Amino acid sequence: MLISPKLAAPPACHRSAAGPRCPGFFLPAAAMVTRRPRRRCRLLRRYSAPLMIVAVMGAVRTQNAEGCFDREELRMLCQESNPEAAINLLDEMLQRSGAGALVDLRSEEQVAVLQACGEARSLASLRRAHRLLSRSLPVIPTAILLRIASLYYKLGARSDAHRALEGASRPPGKNGQEDFDAKRLQAYEKVRELHEEICVAGYVPDTRYVFHDIDEDAKVRALMYHSERLAIAFGLVSTPPGMPLRVIKNLRICGDCHNAVKLIAKVTGREIIVRDNKRFHHFKDGDCSCGDYW
Amino acid sequence: MRPTPATAATPTRPAWNTNQNLVVTHPLLSLLESCASFRRLLQLHALLTITGLAAHRFPASRLLAFCALSTPPHLDHAAAILTRAAPGPNAYMLATMMRGFLRARFPCRALNLFRRVIRDHLPADARTFVFALKAAAAASVSKHGSASGGEAVHCASLKSGFLGESVLVGNALVHFYANRKSLVEAVKMFVEMPERDVVSWTTLVDGYARAGLADEAWRVFCRMVVAGGMWPNEVTLVAAVSAVGQMGLLALGMMMHRYVAEVVVVRTVSLENTMVDMFGKCGCTRSAKEVFDGMAVKDVYSWTSMINSYAKCGDLESAEQLFEVMPMRNVVSWSCMISAYSQLNQPEKAVWLFREMIAEGVDPIDATLVSVLSACAQLGCLDLGRWVYVNYIASNKIGLNLNLGNALIDMYAKCGDIAQASRLFGEMAERNVVSWNSMIMAHAMHGQSEEAIHLFEQLKRVNIVPDEITFLGLLSSCSHNGLVSEGQRYFKEMKVVYRIEPTVEHYACMIDLFAKVGLLEEAFRVATGMPMKTDEACWGALLNACRMHGNVEIGECVAEKLVELDPSDSGIYVLMSQIYASKHKWDQVKKLRTTMRDRGVRKNPGCSSIEVKGEFHDFLVADVSHVRSEDIYEALKNIYFHLKQEGISSLIKRLCPSNGEQHSVMQWWVHS
């Protein structure tokens, strides 16, 4: 019995010894772990900002430099009549910067690429260039399409020439047509916006030009959607700011639209030229060249 | 004719005949006659020199002929042979040398040689003077020589006596003067000829025809047959038939056709082409087609003439069909078809065909561009017009000539770019009355009356005589700006100073001028006092002014006259309706609408076009009179997109009305 009490005591003594060690062991470890991240964070805080700034600046410089170098290289490749390399470069520009890369390309540069294809007598390159331009540009300008068609013919691809011509003589394609359709819908919205803007500028609808026996609100709505206003609205949403708009109307422009377009020219800052069945009207800065006498 | 050694030899040297036999039978000379390369000729020349034959005129003349007339020519070698000829060059050699210079397009050198012949009293024959006249004409055209070179040759031929002895020289002189459009001199020369042949008469007929004096050409042709007792040859007939075409006299054309069919055994393509063209100009496409179908051989000009015949008669469909099946086209064929579209109110097709032409790799000529620019002006297509200017004219591919300049001015003006039109007008090196008219009319259309009047004063200062179009532009500019006094002054000046009788268009301008400023009674007085029948334009201007000023009484009177002229013109009813509406006479408005409906008259909807990125987009006036029109259009839009998702867009496209223009499906959907 006496021996048994002695044997029971060692287990109790082991636990007691282990207890204080465990807390002591974790504490140093935890402390170290905590400290190290902090130090690293500090290091990152100290050095990451300058590095990021440098990286950003470097990226900007690289991007600008690459853009300049790309165009210069493109020009040289075209001069050397190396269309494959030029088209590869265009493709690379597209992949890097998106469609905007080619939208910014000047017409002369586009022509230079096409001309290089012609000089190298490379039909494959010409086709590839055509596809590239079709894919990247919202609408290939008519002049460029005619150049493409002419080169196709010179390289013996008559059917390709006609297909390019079809693109020149009618809406450029499904995407282009859808874009135009979308712009048309926007034009109706734009008409309403313009109406509100010119009302703020002092426009008062002259319902005397509505010759239906309907209420005033209906007359105002009827005036709002005259064809020349729709055409102008379409032009405003489809062209860059500052570009003159030229509209042709089959009938004489009515007095209310004449007043409205003067104010539209004023609030939008656009020169609007309307050719009706009698004469031309140049609207600019709220005035018309006819002096309101037509 | 090649001079024989006997002819070339001096008659006083009978011994030369012995040399003749030796020369003719010599194998080197036989080889010389079949020589085909300059290298071979040099070898033969060397052999001839070694054997001493080169010193004789006949071998030397053959060597010279080869060098001067071969392709390419070796003129320096020929000149050396001429210089070294012993005892000196004969007339044949000199004439051959001149001919060589002409073929190589060196007319001045030919003339210089002729002067040397005269100055040094070198041998000459009729051909010497013939070639000299050709050289004088060519030098005059190329502006490298004096225009009086031909007169000098004429004088020399008189002094030398060749003029009276040789019909060749006389014919050449008639041809020279006719080509210079100096027909008085040509006739004088013709009359003075002691002897004439068919070439003499033909040259005169052709000269008149080319100068546009078809009546005189025909008269000379008749004299040739009746008084001259000459039978015309193919060339004569071509000239005579061309003259008949210019006169547009179908009866004469038929007579010529019968004559050709009966007398001319073998008809050339040129003659038959001229027959087709003549019938076309006489307005008889049936006969033109008959000749065309009967041609055993047709060239590109045959097809083009036939197409042009259809076009001049307004038969575009037949012209198109023929153009499609042409085996080969040239730039003239394309230009002819494009011009037909442009002139027959199909500018869209003209533009489309121009693009086809470019795609085919055919380079346009100036006439092509004139037609294309006219189409652009009709369409208001500024982008393409600019493209034409930049790519062909500014780049000097095609020179800016008078017609192109005029077409560009008109295009820029009608496309709304008056500044560019004015700039081009200022840059034109040459201007005619059409140029001034185009610019004056441009300023008028743009309401710039001061500029129009200023141009008119400038026109007078540079001594260009104005025509009726000039005054039409002036009166139009006055009308657009309400310049009554100025308009009256120019109207009077037109009649009194320039003796131009006003046309109905001029009267329409005057009516519009008076009416728009409110002088309706004066305008009515002008309309009722016109020496010719008052047309729709005149009455229409007055009715429009009645609408402007709310004059019901005069408006009703004018409207009645317009209805008598054209009951189907919806504009009459619309304007009158507007007059009534402005006076709140709604019952009258309703009656008019009922009348329109009963008569089947439909109002032309307002349609506006705008060009964006080279594409034209048309808009029709939208009906939004309903109080919930926005909701209606929104619902239509939703329906459209739902249907599009179901894949029936193609069906909608097939249902789209075809009016020659491509409309957006969405536009059709909204406006149908």
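**Charged side chains and a buried histidine**

Asp417(B) is buried, with a relative accessible area of 13%. In this predicted model, the side chain of Asp417(B) meets that of Arg386(B) in a salt bridge, with 3.4 Å from N to O. Arg386(B) sits in helix H25 (residues 382-393) of chain B and Asp417(B) in the loop between helix H26 (402-414) and helix H27 (418-427), so the pair ties together parts that are 31 residues apart in sequence. Arg386(B) itself is partly exposed, at 33% relative accessibility.

Another salt bridge in chain B joins Glu493(B) and Lys460(B), whose closest N and O atoms are 3.1 Å apart. This pair also links distant parts of the chain: Glu493(B) belongs to helix H31 (residues 484-496) and Lys460(B) to helix H29 (residues 449-461), 33 residues apart. Glu493(B) is buried at 13% relative accessibility, while Lys460(B) is partly exposed at 25%.

In chain A, Glu193(A) forms a salt bridge with Lys190(A), the closest N and O atoms being 3.9 Å apart. Both residues lie in helix H8, three residues apart, or about one turn of the helix. Here Lys190(A) is buried at 19% relative accessibility, and Glu193(A) is partly exposed at 40%. Helix H8 (residues 174-200) also holds His195(A), which is buried at 13% relative accessibility. Not counting residues up to four places away in sequence, His195(A) touches Tyr203(A), Pro205(A), Val220(A) and Met224(A).

Conventions: Residues numbered from 1 in each chain as written. Chains lettered and ligands numbered in written order. Predicted model: local features only at pLDDT ≥ 70, side-chain atom pairs only at ≥ 80, totals over all residues. Heavy atoms only, no water. Helix = DSSP H or I, 4+ residues; strand = E, 2+ residues; numbered from the N terminus. Buried < 20%, exposed > 50% of the residue type's maximum accessible area, 1.4 Å probe, protein only. Contact = heavy atoms within 4.5 Å. Salt bridge = Lys/Arg side-chain N within 4 Å of Asp/Glu carboxyl O.
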